[in-house]
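Please keep the sequence and the 3D view at hand while reading.

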Amino acid sequence: MKRPSAYIFPLLFLLALLPWPLGAQMARLYTSEDGLPNSHINHVYQSRRGFILIATENGLARFDGMDFHTYRNISNRPEELSGNLVLKSFEDKDGTLWVGTSQGLQTYDYERETFTKVDLRDPSIPSSTVHVADIQEIHSQGGKTKIWVGTSQHGIYVLDPATKEMDSSLRQTLLSEVPTTFISKIFEDSGGRVWLASEAKGVYIVNGITGHRERINWSDPFTAALGGEILVTDFAQDSTSGQILISTSNYGLFLFDPKTLTIRRSYDATARSSKAMALLRNHLEGKAGDRTFIVGTEDRGIMMYDLDSDRLSGYSFSNNPYNISNWKVHSLMEDMQGNVWVGAFQNGLLVIPKSMYGFQYTYFGPDELSLQNGDCISSILRDPLDGSLWVGMDGGGIARMAPDGSKQYFKDSNYSGLSNNSVLALCSDKWGNLWAATYLGGLFVKS
């Protein structure tokens with residue numbers, strides 16, 4: 001049975017949060033128990049139709065907001081996915097969806113739900129053995145584009161997006177200019193430079209039209225020596241300054257300055273020691289004008305990099321109840337609604353919603369790590385002395401949230417003097433005393 005291919009994304013995120021309270025805007029984790037084919041996630045992508053595509057080590061999953069539909073190679077039929085180790089999916093400007101696996105390159109037909117093999121036309125290399133690591137659309141002459149396919153061991157293939165014909169001349173130039181055939185990442189910056197990362201170490205810049213290699217300037221001899229050793233995992237560019245953040249799994253974060261055309265290593269000790277795997281410009285939280293990037297790491301979950309201060313630090317999203325401090329985050333993606341999808345290797349798929357209308361969710365309840373909703377909030381009072389927030393709960397007693405966000409609970413079970421947890425109203429007097437009215441329990445005062 002064919003699945004409808006309508007543009008369903010407007011409902012996608014609302015459905016994705018169920019059964020969580022929609023008003024809470026809490027993060028949601030999807031695992032194999034929810035239909036995800038595998039928790040070893042390599043890449044997360046959203047098509048223009050709104051589908052979330054998850055490349056895993058056991059097939060390609062398509063999420064429509066309610067269900068996961070998984071594509072696998074089961075019987076080696078030509079219309080099936082060519083291999084179950086999926087590394088990348090990418091949709092070009094004409095709407096063609098390209099899929100890269102350990103067994104080659106394919107395109108996907110939404111209407112028929114079938115895959116078509118793209119013959120890379122290299123007589124010396126059977127297409128079925130081409131391990132596709134990355135796919136990108138790169139600007140070419142006359143406003144046109146070409147599809148660049150990075151592979152392990154066979155370099156870069158360049159294809160016409162419409163005809164799928166190989167640009168053999170440009171491919172041969174790239175093979176002669178770039179001293180490696182193990183290309184794991186391709187990135188085109190706003191200046192038209194094409195960055196190539198090698199899984200065999202090193203980073204290179206080439207001209208996207210001619211394929212000729214361009215010189216990289218390093219800030220100092222020590223950094224230049226590292227240039228041939230770094231294992232680049234991702235690139236991200238700041239739209240205002242044009243600076244490019246480069247993540248590596250062995251030497252942390254590097255920065256490219258488009259004014260001086262120079263790459264330097266971050267000065268921050270945490271950034272230098274991080275095993276950074278994925279980058280994403282941060283639009284979830286923060287003040288206007290902030291230039292921060294979400295950084296997915298190999299062993300420290302999600303961190304935040306501030307471009308202005310050149311500082312990498314730990315970060316906890318206010319609407320995420322999960323402990324992700326040691327997750328292996330290999331993919332980050334921002335969808336059309338501004339929500340962030342986190343591909344966590346061995347953990348699953350986490351969706352962090354963007355705060356709507358400026359509101360953020362704060363949990364009050366017996367278990368800060370619980371996925372259940374907290375107690376009913378009956379009253380809120382701002383302490384005029386120190387700015388703390390007092391929260392009365394029907395069944396949960398009283399909570400005090402300090403200006404730094406830390407919380408303290410007062411209830412009948414922790415010898416606080418409050419013998420009734422059904423708090424209906426809070427009030428403070430001119431001397432700073434806190435008064436609490438309870439249901440059938442009387443009136444309490446805290447000086």
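In which strand does Gly150 lie? Gly150 belongs to strand E11. The model described here is predicted. Its chain contains four helices and 35 strands, and buried residues make up 53% of its 447 residues. Of the contacts in the chain with a separation of 6 or more, 49% are between residues 24 or more positions apart.

- Between the C-alpha atoms of Gly150 and Ala133 the separation is 5.6 Å, although the two residues are 17 residues apart along the chain.
- Apart from neighbours within four places in sequence, Gly150 is in contact with His131, Val132, Ala133, Asp134, Gly155, Ile183 and Ile186.

**The nonpolar cores**

- The largest nonpolar core has 26 residues. Leu105, Leu120 and Leu159 are the residues with the most contacts inside this core.
- At least two residues of this core come from each of the strands E3, E6 (86-91), E7 (97-101), E8 (104-109), E10 (131-139), E11 (145-152) and E12 (156-159).
- Strand E7 gives the most to this core, namely three residues.

- Strand E2 covers residues 41-46, and six of its six residues are buried.
- Strands E2 and E3 (residues 52-56) run antiparallel and are joined by five bridges.
- Gln46 has Ile52 of E3 as its bridge partner.
- Five residues lie between the two strands of this hairpin, in which Gly50 takes a positive phi near 100°.

**The sheet of E6, E7, E8 and E9**

- Strands of a sheet pair through backbone hydrogen bonds, either parallel or antiparallel.
- Four strands form an open sheet in the order E6-E7-E8-E9, and their pairing is antiparallel.
- Why is one side of E6 and of E9 (114-117) left without a neighbour in the sheet? Both strands stand at the edges and each has a single partner strand, so one side of each has no neighbour there.
- From one strand to the next, the twist averages 30°.
- Five bridges link E7 and E8 in the antiparallel sense. Leu97 has Tyr108 of E8 as its bridge partner.

**The sheet of E33, E34 and E35**

- A further open sheet has three strands in the order E33-E34-E35, with antiparallel pairing.
- Its edge strands are E33 (423-428) and E35 (442-446), each of which pairs on one side only.
- Neighbouring strands of this sheet are turned by 20° against each other on average, with direction ignored.
- Strand E34 (residues 434-438) is joined to E35 by five bridges, and the two run antiparallel. Opposite Trp435 stands Val445 in E35.

**The two sides of helix H2**

- An α-helix has 3.6 residues a turn, so residues three or four places apart point the same way.
- Helix H2 spans residues 168-177, and its residues Leu170, Arg171, Thr173 and Leu174 are buried.
- Viewed down the axis of H2, its buried residues fall within an arc of 160°, so they line one face of the helix.
- Ser169 and Ser176 are exposed residues on the face of H2 that is turned away from its buried side.
- The buried residues of H2 pack against E11, E12 and strand E15 (203-207).

- Arg281 is located in strand E22 (residues 276-281). With a relative accessibility of 19%, Arg281 counts as buried, because the cut-off for this class is under 20%.
- The side chain of Arg281 reaches the backbone oxygen of Thr292 at 3.2 Å.
- When residues up to four places away in sequence are not counted, Arg281 touches Asp238, Asp290, Arg291, Thr292, Phe293 and Glu334.
- Gln243 sits in the loop between strand E18 (232-237) and strand E19 (244-248). Gln243 is buried, and its relative accessible area is 18%.

Terms used. Residues numbered from 1 in each chain as written. Predicted model: local features only at pLDDT ≥ 70, side-chain atom pairs only at ≥ 80, totals over all residues. Heavy atoms only, no water. Buried < 20%, exposed > 50% of the residue type's maximum accessible area, 1.4 Å probe, protein only. Pairing = 2+ DSSP bridges. Core = buried A, V, L, I, M, F, W, Y, C linked by side-chain atoms within 4.5 Å. Arc of directions from axis to C-beta. Contact = heavy atoms within 4.5 Å. Axes fitted to C-alpha atoms, helices over the stretch in contact; angles between N-to-C directions. Polar contact = N/O pair within 3.5 Å; in protein donor to acceptor, adjacent residues only side chain to side chain.
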